[in-house]
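Dear colleague,

Please look through it below before reading on.

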Amino acid sequence: MNAIITYMKKNFKIVLAILCLSGALFAFKINGSKQNTEDPEKDRLLLELLTFVIEKGHYDPAVMDDEFSKGVYKDYIQALDPSKRFFLQSDIDEFAKYELDLDDQINNKELTFFELTYSRLMVRMEESKKIYKGLLETPNDFTIDESFDTDYDKMPYAKNNKELIDRWRKQMKLSALSSITERLRMQEAKTKSTETTEATKAEELSSDLGMDANLKADKNIKIKTFAELEAESRVNIGKSLDESFGFIKELTRDDWFTVYINSIMTRFDPHTSYFAPEEKERFDVSMSGKLEGIGARLQKKNDFTEISELISGGPAWRGRQLEAGDVILKVGQGSAEPVDVVGMRLDDVVKKIKGPKGTIVRLTVKKVDGTIKNISIVRDIVEIEETYAKSSVVEKNGLRYGVIYLPKFYIDFENRDGRDAGKDIALEVERLKQAKVNGIVLDVRDDGGGSLSTVVDIAGLFIHEGPIVQVKSSGKKKEILYDTDPKIEWDGPLVIMVNSFSASASEILAAAIQDYKRGIIIGSKQTYGKGTVQNVIDLNQFVRNSSVGDLGALKTTTQKFYRINGGSTQREGVSSDVVMPDRYAYLKMGERDVDNAMPWDKIDAAPFTQWKNAQNFDKAIARSKARIAENPQFKLIEENAKWIDSKSNENTYSLNIDKFRAVQNSVEETAKKYKPIFEYKNQLKFTSLPYEEEEYKKDPTLKEKRERWHESLSKDVYVEEALNVLDDLQSKTIVKSMPSKAMNGKLVKS
C-alpha cells in the first residue's frame with residue numbers, strides 16, 4: 001500500500017531529533033572509496049546511516065535485539081528464495097548460525113551474513129539454471145500417480161541435490177500440466193463447436209439436396225497430439241524461465257544488498273523501507289504522475305529493449321515515429337556518438353533515454369517491419385494520465401450524477417505549483433457543478449494513499465471549515481489539521497466508494513466524511529487499515545565529501561494519524577456505512593494481517609460539528625442494505641467470495657493428468673456458476689464532460705481509454721448501487737420522473 005507521505009528536503013520539523021544530532025550525522029564521511037557496484041565501504045556507511053536515522057526519527061523504533069534479528073533473518077531468507085528452489089537444507093543450517101547475531105552485525109556494520117548468503121545464492125542460481133535446462137530435455141510422464149504441494153511456507157528445504165532436482169521437476173511438471181490441460185480444453189471446445197456447426201450445415205444441405213448429413217469437422221483445424229502439446233509446453237516453460245533468469249542476471253550486488261537492507265527496515269514496521277537511487281526516482285514519478293523523458297514504456301526481451309507502450313501526449317507519441325514493438329539498438333545524447341544498448345540492463349537503458357526537458361536523445365531502432373531507423377526526440381515533461389483524477393456523467397431516473405475516480409493522492413514534491421490531487425478534484429467538482437449534476441460519487445477503491453496535504457484539501461471541498469485529521473508524533477502533543485476555508489465546493493448528496501484496498505489517505509478522507517456525516521461510505525466491510533504517516537528522507541544530505549555516489553532515501557514512519565472522533569484507522573480501517581459483498585472479503589490482505597504492524601489505539605476527539613443536512617442518511621442506508629440483501633448479483637458475489645476462500649486453502653495438486661483434469665473440470669464447472677458476475681451490465685450510459693470531448697479531437701488514445709473506463713462503469717454493480725444511494729439522498733422536492741433538461745439540473749433543498 002502506498003503511504004501517507006510528507007516530504008523532507010529542507011523542512012526537518014518532524015524528525016527534529018535527527019537534526020539535534022546533525023554534528024554526528026555529518027561525521028559520516030568517506031574518502032577515497034571507489035564508486036562501483038561492489039563497495040563494502042558504501043554498504044557499511046549505508047547500514048550505519050540508516051540505523052542511526054531510523055532510531056532517531058521513527059515513531060516507535062523497535063528494539064534491535066535477538067527477536068528483531070530473528071525477524072530480519074526470516075524475512076530476508078524468504079525474500080531470497082520464496083519457493084525454496086535454490087537453497088539446500090545444508091545452506092540454511094549454515095545461515096542459521098547467524099539468526100540471533102544479525103542485530104549485532106547491523107550495529108557493528110558487519111557484512112558477513114550478507115556476503116555469505118549473496119555468494120551462495122549466486123552459486124545456487126547457476127546450478128538451478130543447469131537443473132531446469134537438463135529437466136526440459138526429457139518428456140514428462142503424466143500417468144504417474146504423484147502430487148506437488150505449493151504451500152512453500154510449510155515446505156522443508158531440499159536435503160540434497162537429488163531432492164532439489166525432484167522439486168524443480170515437479171514444479172515444472174505442474175506448470176506443463178496446467179498449460180496442456182488448458183490447451184486440450186480449448187481444442188476440445190473448438191472441435192465440438194466446429195462439429196456442431198458442420199452438422200447443422202449438413203442437415204440443411206441434405207434437406208435441400210437429399211445428401212448424406214454425416215460430415216466431419218473442418219480438416220483445416222490444426223488439432224495437436226498430446227505429445228506435441230507436451231513438447232510445446234516444455235519449450236514455453238524454458239522460454240519463461242530463461243526470461244526470469246535473464247531478469248535476475250541483470251540484478252547487481254547493490255540490488256541484492258537493498259533486499260537485505262529492506263529486510264531490516266520493514267521489521268520496524270511494514271511501511272518503513274529503503275529506496276535505492278533508482279527506486280527513489282520511480283517513487284517520485286509515482287507520486288507526481290510525471291517525468292522528464294520521451295514518454296515510452298520499455299520492456300526487456302532477452303538481450304533487447306523493446307517499446308511496450310507510448311504514453312499519450314508524450315514526445316514519442318507526438319512525434320509518431322516510434323511505435324510499440326520497436327526495438328532500441330543504440331542511444332545517443334545530442335550530437336554525441338550513439339551507444340550500443342543491446343545486452344544492457346533495462347534500468348541503464350532507461351537512464352540513457354530519460355533526461356531534462358529540452359534536451360535531445362537519438363535512438364537507433366529496429367522497426368516492427370524489420371527496417372533500421374534513426375529517430376531524434378526532444379525530451380519533455382511527460383504526464384502519466386492514469387495517475388490523475390477523472391470524472392464521468394451519467395443520467396439516471398431523470399437526474400444527472402457525476403462519478404469521480406481518484407487512483408491516488410498524488411502531489412509533485414518538487415513543484416508546489418504543479419498538479420496535485422486536491423487541485424484536480426476541486427476542478428472536477430467545479431466541472432460537474434457546471435454540468436448541473438444532482439449528486440457525486442467519489443471512487444477511491446484500490447487507492448493506496450499518497451500525500452497527506454491533499455486529503456485535507458479534498459475533504460474541505462465538502463464541508464465548512466473544521467478539523468479533518470489528527471496527527472501524533474512520538475513524544476509530542478497531537479496536531480490537528482484543519483480545513484480553514486469556509487467555502488463549500490459541493491453541498492449536495494455525496495457517496496464515497498471504498499474497498500479493502502483503499503488505504504492511508506483514502507481512509508482519512510472516508511473517516512472524515514463519515515464522522516461529519518457529510519456523505520455515505522459504501523463498499524467493503526472495512527478498508528485496509530493503514531493509520532501511519534511516512535516521511536521520505538534524502539540520505540545524501542547527511543554525508544559530506546563522499547565519493548560513494550547517491551545513497552538513496554529512507555521512507556520511515558514518523559507519525560500516526562487519527563480520525564477526528566479520536567479513533568485510529570490503524571489495523572481496523574474504516575467500516576462502511578453500507579457493506580457490499582466483496583469477492584476477496586474472506587482473504588487476509590489487510591494491515592491487521594501483517595505480523596509487525598503497529599497497534600490500534602485512540603486519542604481524544606477533536607471538536608467538530610456534524611453536517612446539518614443529513615436527514616435522509618438513515619433512510620438511504622436502510623434502503624441500500626435492503627436492496628443489496630435482495631440483489632441476486634450481490635448474493636452471487638457473496639457466494640463466490642466464500643468459494644474463493646475455500647479454494648485458497650487447497651495447495652496440493654495431483655500430477656497425474658486424469659486426476660488433474662478431473663479436479664480442473666470440477667473447478668471449471670463450479671466457476672461457470674459465477675460467470676454472471678463478469679457478464680453483468682447495469683444499463684447505464686456514462687459520458688465524458690465537454691472539455692474531454694474537445695481533447696478527444698487531438699488525442700484519440702485518450703478517447704479510447706475513456707471509452708474503456710465508461711464500459712467498465714456500465715458493468716459495475718457497485719457503482720450502480722452507489723448511484724441508487726444518491727437517488728435516496730435526494731431532497732423530497734425533486735421530482736425524479738422529470739427529465740433533467742426540464743429540471744434544468746437544479747437541486748432543491750428541503
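In which helix do Lys170 and Asp166 lie, and how many residues apart are they? Both belong to helix α8, which covers residues 161-209, and they are 4 residues apart, about one turn of the helix. Please keep in mind that this is a predicted model. Lys170 counts as buried, because its relative accessibility of 19% falls under the 20% cut-off, whereas Asp166, at 29%, counts as partly exposed.

A second salt bridge joins Lys367 to Glu323, and here the closest N and O atoms are 3.5 Å apart. This pair links distant parts of the chain, since Lys367 sits in the loop between β9 (360-366) and β10 (372-378), while Glu323 sits in the loop between α12 (315-319) and β7 (327-333), 44 residues apart. Lys367 is buried, with a relative accessible area of 10%, and Glu323 is partly exposed at 35% relative accessibility.

The side chains of Asp420 and Lys423 also meet in a salt bridge, at 4.0 Å from N to O. In this pair the acidic residue, Asp420, is buried at 8% relative accessibility, and Lys423 is partly exposed at 38%.

Beyond these pairs, Asp91, Glu94, Arg120, Arg124 and Glu127 are linked in a network of salt bridges. For the whole structure, the search finds 63 salt bridges.

Note on methods. Residues are numbered from 1 along each chain as its sequence is written. This is a predicted model: local features need pLDDT of at least 70, side-chain atom pairs count only at pLDDT 80 or more; totals for chains, interfaces and linings use all residues. Side-chain values use heavy atoms; hydrogens and water are left out. Helices (H or I, at least four residues) and strands (E, at least two) are DSSP runs, numbered from the N terminus. Buried means under 20% relative accessible area, exposed over 50%, partly exposed in between (1.4 Å probe, protein chains only).
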